[in-house]
Amino acid sequence: MARAASPRRTLLTTLAAWSVALVIFFPVLWMILTSFKTEASAVAMPPEFLSADWTLENYETVWSRSDYPRFFWNSVVISVGSTLLGLAIAIPAAWSMAFVPGKRTKDLLMWMLSTKMMPAVAVLIPLYLVFQRIGLFDTKLGLILALMLMNLPIIIWMLYTYFKEIPGEILEAARMDGASLWNEIVYVLTPMALPGIASTMLLNIILAWNEAFWTITLTTTKAAPLSAFIASFSAPQGLFYAKLSAASAMAILPILILGWFSQKQLVRGLTFGAVK
Amino acid sequence: MGKIQLSQVRKSFGDVDVIPGIDLAIEDGEFVVFVGPSGCGKSTLLRLIAGLEDTTSGTIAIDGKDATHLPPAKRGLAMVFQSYALYPHMTVRKNIAFPLKMAGMSDAEQAARVERAAKVLNLDSYLDRRPGQLSGGQRQRVAIGRAIVREPSAFLFDEPLSNLDAALRVGMRQEITELHQSLKTTMIYVTHDQVEAMTMADKIVVLNAGRVEQVGSPLELYHSPRNLFVAGFIGSPKMNFLEGAEAARHNAATVGVRPEHIDIVDGGPWQGTVGLTEHLGSDTFLKVTLDTGETVNVRASGEVGLHHGDRITLAPQAGKIHRFGADGKALA
Amino acid sequence: MSTQSTRLAARLMVAPSVFVLFIWMIVPLAMTLYFSFRFFRLLTPERSGWVGFTHYLWFLNAPDFWLALFNTLALVGGVLVITVILGVLIALLIDQPVKGQGMLRILVIAPFFVMPPVAASIWENLFMHPQNGLFSAIARGFGQQPILFLENYPLMSVIGIVSWEWLPFATLIFLTALQSLSSEQLEAAEMDGASPLNRFRYIILPHLTRAITVVILIQTIFLLGIFGEIFTTTQGGPGSASTTLPYMIFKQAIVAKDIGRAAAGGIIAVILANIVAYFLMRGIGRHLDN
């Protein structure tokens, strides 16, 4: 609904909008700036902006002295793994609900969403015990399963809204053309829904990457991803501001970049197509 | 071969009988049009034949073999959808080759068949484009191409021209008719447009509320509609219906006269006043309010110098008056 | 609109999802329910037995419980109010003709992608820290005593941090919704003599209803489970001032190692979530149809 406006008004609104945006972004910016300062400079009073001692040392320290690469790798495996596994289960389910809807389809979708409302702490202990019993505790596979199940309702919902936009006639045409159900999904549905599947994937990688309950409670060291790493890092505070910032920056940058690319789809995805 | 036999085919969605029970025989090589107002069940009937829907009861036989429970792919039929249903991520070539690929045909055979179909449909120069880059008419041709490469025993068309503009529709109509003449394959064509039905069909099936009202050649339906519904549905402009005294004079509950069967003559039995006039050059359409209060449409050929408010007298042509009983059925 | 065989295939294909989600929900829930009636402490594993409703009564009689319940609702409600109101205002501002809207969106959305432990630690250490934080520096710059955010206003601080994380999400959704509003509608209202305020009240706000509903639904789902932020910053303290129901249960389980008691708390949390969910689903279901 953008409309033509006078240059003066545009200037004013531009200034106001940029100020607000910078305020919102400032904590991230400040963290990134701090990550390039020496520890002394990071805690200097009054705070140093341009006069600070700049250094790359923090990144080196975090990278070499901590197990950052392992945490990073765990994050990648867990978030990508849980997303791919989730997609494999969700694509057939979303196909069913989008193209062969029944009377209960809407209820089923709502039920799936409602499983996300279950407070995680309520089921923490049983899950903890079950995971220890069957050897999934502190393993990547265990976290992949847990995060997949946690995000499955969202994956199904998102795919459902994307699939809904594909005309059923095209799938029927494929059926008339002799395609089996498998061929129909592989050759027709998936390529047509690829943009939707990609943004579902992206958003779920982000959600899994940032998850900070199961990743903290179901791991100790071996399978801990970056979220657990940061949570543990923040304990000895005060003296390690710059290093903490560097570690934080390294934990969020990959996802920040992915997120910026996917922000348009994010709205559609997370609102289940209700807002476009 | 493409003989399709429906016996007592019934379809209900829940408690609603969409098709209460239809018997119909479609002969090999026939061009059959299912026509009727929207919601009359014509598309459902086509989808039953295609195998995209289950019949609730009854049997569908194709070439003498029971196909009621066969999946769509196994029936040997091809379908052209209203939205064309082209695969947007495939080129025209791949779209046309898709059914062949699904049938496991060799690449060389696929290429040869696509080539042949493209030639027939004048699609040679578009083969490497995607559906999104084509006009409506071209997309339509691709959809037909995808249907003909399989050499099916019958083609099913589901309102294929309704997304085209008026001029293109006439052209495509002729192309499909010509295609039928050269392929001589059974075609079943669904439309709500009676003009398409009249111009294309060997045999028209008029459907209303899931029931077959009448089956016959276009001219049979035009000259001897079996009931009020068919009389009113076939023919354009619509047949005029008169009740009351005029009908009683012919011993009927209702009489119908087509606009083209009313002459403007001095001393005719009906007096009236001209209301709306439409001068098309070749024809003139008049809306006349009779002194009895009823309105009739008149189609006069050529140019007629009548205008709003003129008094005229009309005469229905002898032998062109259709008589209907109180139950709506035509009287002999 | 399909054949029996496709319907059968559809059921088979939806079955794995339903099955795993059902297991994921029912097995832990059943175990929690079982534990909630048992004596089960990790420190004294030899003692066990049925205890009836003892754990539930403990929760209902604990003063901390009602505080935690209040804190939970205050956290969810507070964040919803802040993000919806600020989100609408910021979205209205960014939707004006401004230079560099694309870059603006990127800056505004950034906090959403920051993982909760990082967000919490940025605020705790770089901003709210009484000695080294930026806020204390500002306060001292004005000759004031630094505010002890996490000590004196723990719940408010947590609400502030969580709002910062979710504000971008709300803003982005409202912005998207605003951009789908046709300018012709607004121009027609202007022609009809509606003041800017009236245009907001009668055209823009009704247009945003759906978006606001969705924001409330999605955020509630995530906010009910807020954990990482509290774990990283206040640990529920001082005392129980910022302890929410989830965090209280977590403390019983992990700190006190009283599984039975934590389980009873879990069941109470499930009941609470179901009450919230019931009302949400009813409200949302209506808006999400069509």
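Modeller: Buried area is the accessible area, taken with a 1.4 Å probe, that two parts lose on being put together, summed over both. The structure discussed here is a predicted model.

Biologist: How much area do chain C and chain A bury between them?

Modeller: The contact brings together 104 residues of chain C and 100 residues of chain A. Of the area that chain C and chain A bury, 80% lies on carbon and sulfur atoms, and the total is about 9000 Å².

Biologist: Which helix of chain C gives the largest share of the side that touches chain A?

Modeller: Across this interface of chain C and chain A there are ten residue pairs in polar contact, both residues being at pLDDT 80 or more, while the rule finds zero salt bridges. On the side of chain C that touches chain A, 71 residues are nonpolar, 22 are polar and eleven are charged. The largest share of that side amounts to 19 residues, and the element that supplies them is the helix spanning residues 4–36 of chain C, α1.

Biologist: Which residue of chain A forms a salt bridge with Arg146(B)?

Modeller: The count between chain B and chain A is two salt bridges. A salt bridge requires a side-chain nitrogen of Lys or Arg within 4 Å of a carboxyl oxygen of Asp or Glu. In the pair made by Arg146(B), the closest N and O atoms are 3.5 Å apart, and the partner is Asp177(A).

Biologist: How are α9(A) and α10(A) oriented towards each other?

Modeller: Helix α9 (residues 181–192) and helix α10 (residues 194–210), both of chain A, pack with their axes 4 Å apart and at an angle of about 65°. Angles of 65 to 115 degrees count as roughly perpendicular, and therefore α9(A) is, relative to α10(A), roughly perpendicular.

Biologist: Which residues of α10(A) meet α9(A)?

Modeller: The residues of this contact of α9(A) with α10(A) comprise five nonpolar, one polar and no charged. From α9(A) come Thr190(A), Pro191(A) and Met192(A), and the residues they meet in α10(A) are Leu194(A), Pro195(A) and Ile197(A).

Technical notes
Residues are numbered from 1 along each chain as its sequence is written. Chains are lettered from A and ligands numbered from 1 in the order in which they are written. This is a predicted model: local features need pLDDT of at least 70, side-chain atom pairs count only at pLDDT 80 or more; totals for chains, interfaces and linings use all residues. Side-chain values use heavy atoms; hydrogens and water are left out. Axes are lines fitted to C-alpha atoms, for helices over the stretch in contact, and angles run from 0 to 180 degrees between N-to-C directions. Helices (H or I, at least four residues) and strands (E, at least two) are DSSP runs, numbered from the N terminus. Angles under 35 degrees count as roughly parallel, over 145 as roughly antiparallel, 65 to 115 as roughly perpendicular and the rest as oblique. Contact means heavy atoms within 4.5 Å. Ala, Val, Leu, Ile, Met, Phe, Trp, Tyr, Cys and Pro count as nonpolar, Asp, Glu, Lys and Arg as charged, and the others, Gly among them, as polar. A polar contact is a pair of N or O atoms within 3.5 Å; within protein, one must be able to donate a hydrogen and the other to accept it, and residues adjacent in sequence count only if both atoms are side-chain atoms.
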